[in-house]
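Please open the structure in a viewer and keep the selection panel at hand.

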Amino acid sequence: MTVRIGVVVFPGSNCDRDTMHALAQAGAEPVGLWHEQAALQGVAAVILPGGFAYGDYLRAGVIARFSPVMRAVTAFADEGGLVLGICNGFQVLAEAGLVPGALLRNRSLRFLGREVAVSAERLDTPFTHALSHAGPLRMPIAHGEGCYFADAATLDALESDGGVLFRYVDGAGAAAAEDDRDANPNGSLRAIAGVINARGNVAGLMPHPERAAEAVLGSEDGAGIVRSLVESAAKAVAERRVTVGMS
Amino acid sequence: MSTHRFAVNVTPKPGILDPQGRAVEGSLDHLGISGVSAVLVGRRVELTVDAADEAAARAVVERLAGELLANPLIEAFAIESIAGASSTTAAPPAPARPPETAGERHA
């Protein structure tokens with residue numbers, strides 16, 4: 001029995017195949033979900049992959065937010081279904097209000113494609129429990145709008161309620177300063193690289209775990225995130241907490 | 001029905017990081033311009049709405065500006081009525097050619 005996990009394909013998604021590959025490596029059956037269909041085909045979890053959905057026109061993620069498939073994803077999340085947004089997928093989740101905050105233009109105004117180090121701030125979530133350690137985890141980023149922003153009250157609430165899931169860290173493993181362009185390349189507030197919603201079933205991050213999920217890619221540090229989601233989805237199916245999605 | 005034309009000006013909210021604004025400020029030295037500050041770079045969207053009357057048309061613009069054109073977490077918007085509105089659906093008349101006078105020209 002293989003757990004089925006959906007990967008949404010928007011026009012302009014470009015990490016959907018990599019994500020499906022990483023899911024298959026982790027023992028799941030990846031299921032492509034076309035953006036025009038408001039149906040999740042009974043999957044046990046959903047990933048919104050990286051890319052440039054709808055060309056990132058207007059603001060990254062905003063056009064995708066109003067696509068038919070996002071109606072289904074929002075309803076799924078509201079029922080407690082597991083949803084992970086990676087890079088552009090994180091931007092879509094933020095625009096949809098499924099996770100707090102917004103992703104602003106990188107402070108350098110430049111598109112950044114390189115490896116970063118992050119720490120997992122929590123190892124007790126459906127997206128991180130299979131990580132063997134909190135980090136530093138080496139994963140690539142590839143984005144022009146990754147500067148995490150929320151107002152001070154929201155940031156404080158995230159900190160106190162365990163909403164910060166990943167943070168950019170410096171060479172010493174400490175949270176990177178906002179002006180440390182080496183460790184926190186986009187200038188994210190409080191070095192936030194990923195967040196999780198209050199209910200704990202929707203998370204987003206800017207780094208790409210699927211691009212760091214096997215040794216040949218230079219880092220396997222992202223594999224634990226993919227594996228966490230696969231195991232959590234299988235557990236959710238077993239507990240019948242979400243629509244049964246087994247094959 | 002009548003036709004109304006609007007512009008929606010979207011700008012970063014006060015206090016929001018605006019790296020584009022900072023970049024513009026940073027370039028002014030190269031132009032030999034001083035005394036310019038607080039540059040905000042936003043977006044202007046112009047659109048035409050067919051509706052029963054101007055109030056109904058404006059309500060449509062309010063909704064699409066708040067839900068789509070601007071992200072209320074980080075951006076503010078202002079709606080203005082602009083020329084080109086007419087009470088029919090006919091194409092607006094071609095604008096008269098501006099007089100070629102000395103002075104202000106914005107090429």
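How many residues does the contact take from chain A and from chain B? Select both chains of this predicted model: chain A contributes 16 residues to the contact and chain B contributes 14 residues. The size of an interface is often given as the accessible area lost when the parts come together. Between chain A and chain B the buried area is about 1300 Å², and carbon and sulfur atoms give 70% of that area.

Next, select Arg59(A) and Glu75(B). These residues form a salt bridge, with the closest N and O atoms 3.2 Å apart. One salt bridge is found across the interface of chain A and chain B. Six residue pairs are in polar contact across this interface, both residues at pLDDT 80 or more.

Now colour the side of chain A that touches chain B. Helix H2 (62-65), strand E5 (102-104) and strand E8 (147-149) of chain A each supply at least two of its residues. The largest share, three residues, comes from H2(A). By class, this side of chain A holds nine nonpolar, five charged and two polar residues.

Finally, move to Asn197(A), in the loop between strand E10 (192-196) and strand E11 (202-205) of chain A. Is Asn197(A) buried or exposed? Asn197(A) is buried, because its relative accessible area of 14% is under the cut-off of 20%. Show its side chain: one of its polar atoms lies 2.9 Å from the backbone nitrogen of Gly200(A). The side chain of Asn197(A) also makes a polar contact of 3.0 Å with the side chain of Asn201(A). Leaving aside residues up to four places away in sequence, Asn197(A) touches Leu98(A), Val99(A) and Val202(A).

Conventions
Residues are numbered from 1 along each chain as its sequence is written. Chains are lettered from A and ligands numbered from 1 in the order in which they are written. Side-chain values use heavy atoms; hydrogens and water are left out. Contact means heavy atoms within 4.5 Å. Buried area is the accessible area (1.4 Å probe) that two parts lose on being put together, summed over both. A salt bridge is a side-chain nitrogen of Lys or Arg within 4 Å of a carboxyl oxygen of Asp or Glu. A polar contact is a pair of N or O atoms within 3.5 Å; within protein, one must be able to donate a hydrogen and the other to accept it, and residues adjacent in sequence count only if both atoms are side-chain atoms. Helices (H or I, at least four residues) and strands (E, at least two) are DSSP runs, numbered from the N terminus. Ala, Val, Leu, Ile, Met, Phe, Trp, Tyr, Cys and Pro count as nonpolar, Asp, Glu, Lys and Arg as charged, and the others, Gly among them, as polar. Buried means under 20% relative accessible area, exposed over 50%, partly exposed in between (1.4 Å probe, protein chains only).
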